[in-house]
Amino acid sequence: MNVVEITHLTKDYRTGFWFHKRRRALEDLSLTVQAGEIFGFLGPNGAGKTTTLKILMGLIRPTAGKARILGCPIDHVQMHQEIGFLPENPYFYEYLTGREYLIYTAELFGRGRAAAQSRAVELMEMVRLEESLKIPLRKFSKGMIQRIGIAQALINDPRIVFLDEPMSGLDPVGRREVRDIIMNLRARGVTVFFSSHILADVESLCDRVAILNRGRLLDIGRLTEILRMEVSALEVMAKDVQAVTLERLQQLGGQTHAIGDRLHITLPDDRSLLEVIMTVQEGGGKVISVNPVRESLEEFFLKRIDAQYVSSHQYAQAGSEISR
Amino acid sequence: MRKVLIIARTTFKENIRDKILYNLLFFTLAIIGVSVALGQVSIGHEQKIIIDMSLSAISLFGTLIAIFIGTGLVYKELDKRTIYNLISKPVRRSEFILGKYLGLMSTLLVNLALMSAGAYLALWLLGKSVQSEFLYVLAAVYAIFLQLMLVTAIALMFSTFSTPVLSAVFTFALWVIGHFSTEMKRLADILRSAVTGHICVALSYALPNFSNFTISGRENLLKSAAHFHAPQLTTLMLATAYGFLYSALLLTLAVFIFQKRDFK
Ligand SMILES: Nc1ncnc2c1ncn2[C@@H]1O[C@H](COP(=O)(O)OP(=O)(O)O)[C@@H](O)[C@H]1O
Ligand SMILES: [Mg+2]
């Protein structure tokens, strides 16, 4: 089942003093998200991720196109009962404590006072803020704010959660915790739609991703479909390798470079792998690891974006020639 | 409606945790204190002076609270982007506007109660009987409340599309003009048939008319309290109807503007 359906969404922001200039932030975006999946929305800064999420949340209106969530149009108020949203760099009422804020949010979702109170404490524990129940949000650090943001997005036990850059502002431990929360949500059948410009987060979490750049969708699909996951090289890591052995390894087709006391040997394929390992061992060295090298999402991403840049650049040049 | 009340309650919390409120409240009580001192100098007129000054102070500072807090109510939510967390929830934009309005109105109500209590306390300290004029003062404070309803609605309406400073200037301008509606009608009389005359008449009816809350015919609600006249019931009822209707109109306009907005 499609829980999110975006069709031909376009957004122009009006800018300038008289709002006479238009700036296209999103162009003809169409995609669907299926129930129960973790969907990664990837793109560099300014790609249009936040714009898309704001349209879905009813904060801004699209210039053209439509979107449906859970089968309802986005301005359907009751549909919002079933979804959660974490804005980018969220900000909350400074004069409330974290607990008060969560109670307020739970009440807006229609819970009674007592139910809201217990739900607030439950969520504070989940995001590990149980020791900061009575501290005003004014005194929260960026990481704590982000956690409160996640807590408020989950307070209504949503069927779909939209998270705009959920890992931003968090330290490695915090990122890990957010990742665990997202995995937990999936285990419970919740659909997660999250945006990020950090590839590592997406790579390890998402069932499917969409890659966006300059407001246009570049690719969408399973990571294994988008990336050619075949092994492009092998990397052998070894230590205590003698200089004589080094020469022999290079003859076998390995590219070598030393980092600290380790030697990295990169092989184009696995044909000479066994020989390389034996050579290292015979020379008194130790093999530490053998790793296949795949095209990472990062490399893929940069390549795709470069390609788009080049083609739009050529297009612009062609256009200027025509006008001359 | 439940959601309106939840938003109103949180807005009330926001207001009472705001320093500006205490500054204004302090000033009012200080002026009431001064009126006690002045009252003692003018023997025989103590009561009149205390009631007169207190009511003026309550009206002025109530208006300042309504303008200063009212113009920031919506703007702050947009500026700090806290609005994202509300509009993405099952909350209508109209519920948001109404909740904000009711929140500030309850703050103003509590403030009026505190300030009036200050005035009564001053009278009581002077050993004056409070009973006889209790109702008259209460009627005057009620008239002030109606006036604040309107001022807050104006401030809120402007703040749905403009910055706090501009909204405050606009609101204050309307508040001043609104006190001269009677004069505007008189001006129209003088200009008679001229186009400007018609414009004056139209404006005097269209713009909020604050003299509806203080003067009706020859009766001044604020002054009558000081002179121990019982206000006429019809005056109070007309003022009530005017206050509620005009505020409702302004809030509808505020919601209408707010519905059209993108939250960037
Ligand atoms: N309020 C706005 N007014 C004008 N332009 C905007 C506004 N918000 C975003 N943009 C522009 O729209 C594009 C997409 O922005 P955004 O959706 O925030 O990207 P992302 O979240 O992927 O970083 C950018 O070029 C940005 O400059
Ligand atoms: Mg963004």
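Predicted model: local features only at pLDDT ≥ 70, side-chain atom pairs only at ≥ 80, totals over all residues.
Figure 1. A:Ser132 sits in the loop that joins α3 (113-126) and α4 (142-154) of chain A. With a relative accessible area of 10%, A:Ser132 is buried, because the limit for that class is under 20%. Leaving out residues up to four places away in sequence, A:Ser132 touches A:Met124, A:Phe140 and A:Met144. A:Gly98 is shown as well: A:Ser132 and A:Gly98 are 34 residues apart in sequence, with a C-alpha to C-alpha separation of 7.4 Å in space.

**Figure 2. Protein donors of the magnesium ion (ligand 2).** A:Thr50 belongs to helix α1 (residues 49-56) of chain A, whereas A:Glu88 is in the loop between β6 (83-86) and α2 (98-108) of chain A, so the pair ties together parts 38 residues apart in sequence. A:Thr50 is partly exposed, at a relative accessible area of 22%. A:Glu88 is also partly exposed, and its relative accessible area is 28%.

**Figure 3. The largest pocket and its lining.** The volume of the largest pocket is about 460 Å³. Its lining consists of 21 residues, and those nearest the centre are A:Gly58, A:Arg61, A:Ile74, A:Asp75 and B:Arg93. By class, the lining holds ten nonpolar, four polar and seven charged residues. Strand β4 (residues 64-69) of chain A supplies the largest share of the lining, with four residues.

**Figure 4. The largest nonpolar core.** This core has 154 residues, and A:Leu56, A:Ile69 and A:Phe162 have the most contacts inside it. The element that gives the most to the core is helix α6 (residues 131-159) of chain B, with 15 residues. Another core, of twelve residues, lies apart from the largest one; A:Leu252, A:Leu263, A:Val276 and A:Ile277 are among its members. In soluble globular proteins, nonpolar side chains tend to be buried together.

**Figure 5. Contacts of A:Leu56.** Which residues are in contact with A:Leu56, leaving aside neighbours within four places in sequence? They are A:Val4, A:Ile6, A:Ala67, A:Ile69, A:Ile74, A:Phe162 and A:Phe193. Of these, A:Ile69 and A:Phe162 are, with A:Leu56, the residues with the most contacts inside the largest nonpolar core. A:Ile74 is also one of the residues nearest the centre of the largest pocket.

Conventions. Residues numbered from 1 in each chain as written. Chains lettered and ligands numbered in written order. Heavy atoms only, no water. Core = buried A, V, L, I, M, F, W, Y, C linked by side-chain atoms within 4.5 Å. Buried < 20%, exposed > 50% of the residue type's maximum accessible area, 1.4 Å probe, protein only. Helix = DSSP H or I, 4+ residues; strand = E, 2+ residues; numbered from the N terminus. Contact = heavy atoms within 4.5 Å. 1 Å grid on protein atoms, 1.4 Å probe; cavity = no way out; pocket = protein on both sides within 12 Å on 5 of 7 lines; lining within 4 Å. Points joined across faces, edges and corners; volume = space filled by probe spheres on them. Nonpolar A, V, L, I, M, F, W, Y, C, P; charged D, E, K, R; others polar. Donors = N, O, S within 2.8 Å, 3.2 Å for Na, K, Ca; no water.
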